[in-house]
Amino acid sequence: MSAKTSVWLVFFCALGCLIHDADLRSIQPKASQCGYQSCHPTKPNMLNVHLVAHTHDDVGWLKTVDQYYYGSETKIQKAGVQYIIDSVVEALLRDPEKRFIYVESAFFFKWWKEQKPKVQEAVKMLVEQGRLEFIGGAWSMNDEATTHYQSVIDQFSWGLRLLNDTFGECGRPRVGWQIDPFGHSREMASMFAQMGFDGMFFGRLDYQDKDERLMTKNAEMIWHGSANLGEEADLFSGALYNNYQAPDGFCFDILCNDAPIIDGKHSPDNNVKERVDAFLAYVTEMAEHFRTPNVILTMGEDFHYQNADMWYKNLDKLIKYGNERQANGSNINLLYSTPSCYLKSLHDAGITWPTKSDDFFPYASDPHAYWTGYFTSRPTLKRFERDGNHFLQVCKQLSALAPKKPEEFDPHLTFMRETLGIMQHHDAITGTEKEKVALDYAKRMSVAFRACGATTRNALNQLTVQSKDNVKDTSAKYVFEFKTCALLNITSCPVSEANDRFALTLYNPLAHTVNEYVRIPVPYSNYRIIDNKGVTLESQAVPIPQVLIDIKHRNSTAKYEIVFLATNIPALGYRTYYVEKLDSTEGNTRSKALPKRTSSVTVIGNSHIQLGFDTNGFLSEVTADGLTRLVSQEFLFYEGAVGNNAEFLNRSSGAYIFRPNENKIHFATDQVEIEVYKGDLVHEVHQKFNDWISQVVRVYNKDSYAEFEWLVGPIPIDDGIGKEVITRFNSDIASDGIFRTDSNGREMIKRKINHRDTWSVKINEAVAGNYYPITTKIDVEDDTARMAILTDRAQGGSSLKDGSLELMVHRRLLKDDAFGVGEALNETEYGDGLIARGKHHLFFGKSTDREGVSLKGIERLTQLEKLLPTWKFFSNMEDYSADEWQTAFTNIFSGISLVLPKPVHLLTLEPWHENQLLVRFEHIMENGEDASYSQPVQFNVKNVLSAFDVEGIRETTLDGNAWLDESRRLQFAPDPEEAAFNTYATFSQPAESVHLLSAEKPMLGVKYADEALPAGQLGAESNRIRRETETRQEKKDEGRSSKSTEGPYNSFKSDSSNQEYIIELSPMEIRTFIVYLTPA
Ligand SMILES: [Zn+2]
């Protein structure tokens, strides 16, 4: 997205953008010279200006993905990606000097598939010569606040894999390019590093931070991406000078209004001198803020280069007339470059760099614009995306585990992978797209669910129906439906509602055996649940809250949920349960309803945790680990600020920014209506706060935490006021302004109220400026007690008072915040405001010296089980009695024989290339979180994957597309510690105004390297997986040779003993392997 507005000019690319056969015939493919060696040389003793021709192509924002690709809906935005790539390729083919970078694989491969072989060959040549370079390379340029690391890794793996499959080594990006995401996470830096990237450039950071970094020459740094992993997670990162736009006056696209460079010798409009003067003055000023004699200029913007010639023609002139000045003593050298060539120049400068260990959240673009609203915007889309990731993992695993793999498995899985890749885009999961575009994302997701649903049905039928001997209807394609009930989020499921006999298959995507409390929506209260051995399980009927039943358009007959505890669900496998309705009362126990109002505290819970509710119906205390402490919970809402956005002070709260009217925070109620239900399996308190906020608080009898299932909406707006709804947990924990939030679901980062670790911040928005992205967890603690909350989707959150945690669950606003989306965040469905429902899991207990596993350890394990619980598949069982079902079918299955140690997560198991699996193992604990779980663990990969005929394994970088033992990254040296300290100490005062690039020159004593090294010394590393040219034998040989030299990070072979497959994982480590399978 862009802050700039442009008047749309006549679009005339279509005719000029075709690639003619004639152009292609003249091309002689040359030997590969991509990578750093393809960089244009820089000039020593000069300021080298790296001009990067680029386009920023949002994978959906104001228009849908396809509208952007095809260029339709021109009234909304004059943007057509197919024309961009056509036009750029043609321009590049005409002139070997020119360079272009392309970023979004989702768009590129859509274009690629439409091209004739001749065009594809020409593009391959451009890539091999480094003229067209892929940067970033993931399916989309993902958001960094609201995305989960599993999805980020997946979408990089897929984008980089297609680049690798198509272009080999030359297609592999070296540099991350996060120019538009609204703030930057530390985990993202860590992931880039682990994927083998040499560095990353980004556009958006807090304006005060940016000013200070520029003034102190600290805009480029070594970012320590992990508190656990050490140097392997360090990433060289650079903040761009001008976001990602061209300097003012030098935007030469058809979408811009700047004058071209007019060089007619006698033209009255000739502006060469004036233009070149202005440009050289700009880069001279810019260079004052950077450490080396190199600057990078982003020459492009959103959907630029639809007519590439306009840009290139003017850049050619700028370079020509700019460099002509060198004859008269100018020491400025302009060149076509790429981010990686710029990075290489920084590296070759041989200087040291500042370091950073925190992150770039929250992002503020002006004193009243904290981009913390999008942490919560579109809460139901954010949850749908998590469901999508969950089902993607199930689909991957079942695609790999199915005995027979029909042709359609691959396209189904690919469609879901690519859909989830699109969902990670910084205007998709963020909720900052137009509502129509959000609906398009949701539609894509549901098609992907259908595609993968066909795969899972096929795979589960294969595994369940081993013989057709007892099958009654042999004409049907499938014996069982294995249906997903998409509306379980509103406690509705057609299969369990319409049938008196049905089966529930719980597929467990974790490599651990799990126990799970299961809830099934049903119309009656009497059912019997039988497990695969014929044992009738204890079950409990709980009434569905009336507020849920009353939701308009909820087309369901369910009045109850049947709850049971499913135990020992096999790792990477399933267990099926038979459920039948009973006419008598012999079945499950009903929940005992307690009187609605009591004069004393209502207590629910078990021996691990108890929750007390006061006489007004609010949570009032929690007892756990022998501690009884005051803990309350309430719903409140902020009024969204409303203004005309004409100046900072008049900012409105909107899809991007959260700007509450701080004086106007309202409690939802002072009196909560409650109903209490107790049974042997679960205790529940049903709370109704007002007409549009309700909640069920429950404790299952074996859990050591409590579940808060909130239901919010439609948020009323008839008073003309937008509202931002939060849940707030208050405790007496003396947290001293400190709390912790997760980074993309992995490592926790310490936060302090009104404070940033690396600069002295002046916060003008007391609430919004202290909000952070919560992807999964937020916590507070003191010496004795600890309170943590897990979320089920990304939300904004903070701890504004000691001992308190708040999370924003839903928001509905009536004004746009003027950052481009052009719509108020006012989601509706069926004509009413959107209703959102979700869960928080509350952990409370001793912060230290806890008996058994630490609370943090339990939180980590629970976090995993809540991220990837069992997937519920429903099948009609009218044709089979329980006995017939039990004897005729395989109702339990496990895909692995060795259950992984508790702290190890099988992060990925998916079919990769032919006869290959892509497998990732992850240590889910951080150092020090638990005395025993936070230890390194060892296990045998071959035993884990015993269901497969494993021939060999070889370790790759995190993305799965380059061999780890061949991966080399550029190394950057940190400043000596003292220098870094002084740098910050000198500028402890915050910058006063926005983008204050004051003339005041910082005295840093950083010397430019006298002479830059010639480009290309390092060259491109041969770290690609060359699957097409390599024989299997070569692979084996490589494996053997590297094994003898490289210690634990090497490849393993099956002809050695199984000891060779033992791997070790340290806290927070992820290891990725290609597993070779014996061809069938
Ligand atoms: Zn964007």
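Guide: Let's start with an open sheet of five strands, in the order S4-S5-S7-S6-S11, with mixed pairing. Keep in mind as we go that this is a predicted model. At the edges of the sheet stand S4 (175-178) and S11 (355-356); each has a single partner strand, so one side of each is left without a neighbour in the sheet. For S4, look across to S5 (residues 199-202): these two strands run parallel and are paired over four bridges.

Strand S37 covers residues 785-791, and seven of its seven residues are buried. In a regular strand, side chains alternate between the two faces of the sheet. In S37, one side carries Ala785, Met787, Ile789 and Thr791, while the other carries Arg786, Ala788 and Leu790, and both faces are covered. Strand S36 (residues 777-781) is joined to S37 by five bridges, and the two run antiparallel. They make a hairpin, with three residues between the strands. Glu781 sits opposite Arg786 of S37. S37 also pairs with S42 (residues 836-846), again antiparallel, over seven bridges. There, Met787 has Phe844 of S42 as its bridge partner.

H10 takes in residues 272-287, and its 16 residues, at 1.5 Å each, should span 22 Å; the end C-alpha atoms are 22 Å apart, so the two values agree. Its buried residues are Val272, Arg275, Val276, Phe279, Leu280, Val283, Met286 and Ala287. Look down the axis of H10 and these buried residues fall within an arc of 125°, which means they line one face of the helix. What lies over them? The cover includes strand S1, strand S8 (294-299), helix H11 (308-324) and strand S9 (332-337).

Phe279 leads us on to the largest nonpolar core, which has 252 residues; Phe279 is among those with the most contacts inside it, along with Phe108, Tyr305, Leu611 and Phe921. The helix that gives the most to this core is H15 (residues 435-464), with ten residues. Zoom in on Leu611: setting aside neighbours within four places in sequence, its contacts include Val603, Ile604, Leu619, Val697 and Phe708. Another core, of 29 residues, lies apart from the largest one, and among its members are Leu504, Phe564, Leu867 and Phe874.

Arg954 belongs to strand S48 (residues 950-956). Its relative accessible area is 4%, so Arg954 counts as buried. Its side chain makes a polar contact of 3.0 Å with the side chain of Asp965. Arg954 and Val1075 are 121 residues apart along the chain, yet their C-alpha atoms are separated by 6.6 Å. His40, by contrast, is found in a loop, between helix H2 (21-25) and strand S1 (47-53). With a relative accessibility of 15%, His40 counts as buried, because the cut-off for that is under 20%. A polar atom of the His40 side chain lies 2.6 Å from the backbone oxygen of Glu97.

Note on methods. Residues numbered from 1 in each chain as written. Predicted model: local features only at pLDDT ≥ 70, side-chain atom pairs only at ≥ 80, totals over all residues. Heavy atoms only, no water. Buried < 20%, exposed > 50% of the residue type's maximum accessible area, 1.4 Å probe, protein only. Pairing = 2+ DSSP bridges. Polar contact = N/O pair within 3.5 Å; in protein donor to acceptor, adjacent residues only side chain to side chain. Expected span 1.5 Å × (residues − 1). Arc of directions from axis to C-beta. Contact = heavy atoms within 4.5 Å. Core = buried A, V, L, I, M, F, W, Y, C linked by side-chain atoms within 4.5 Å.
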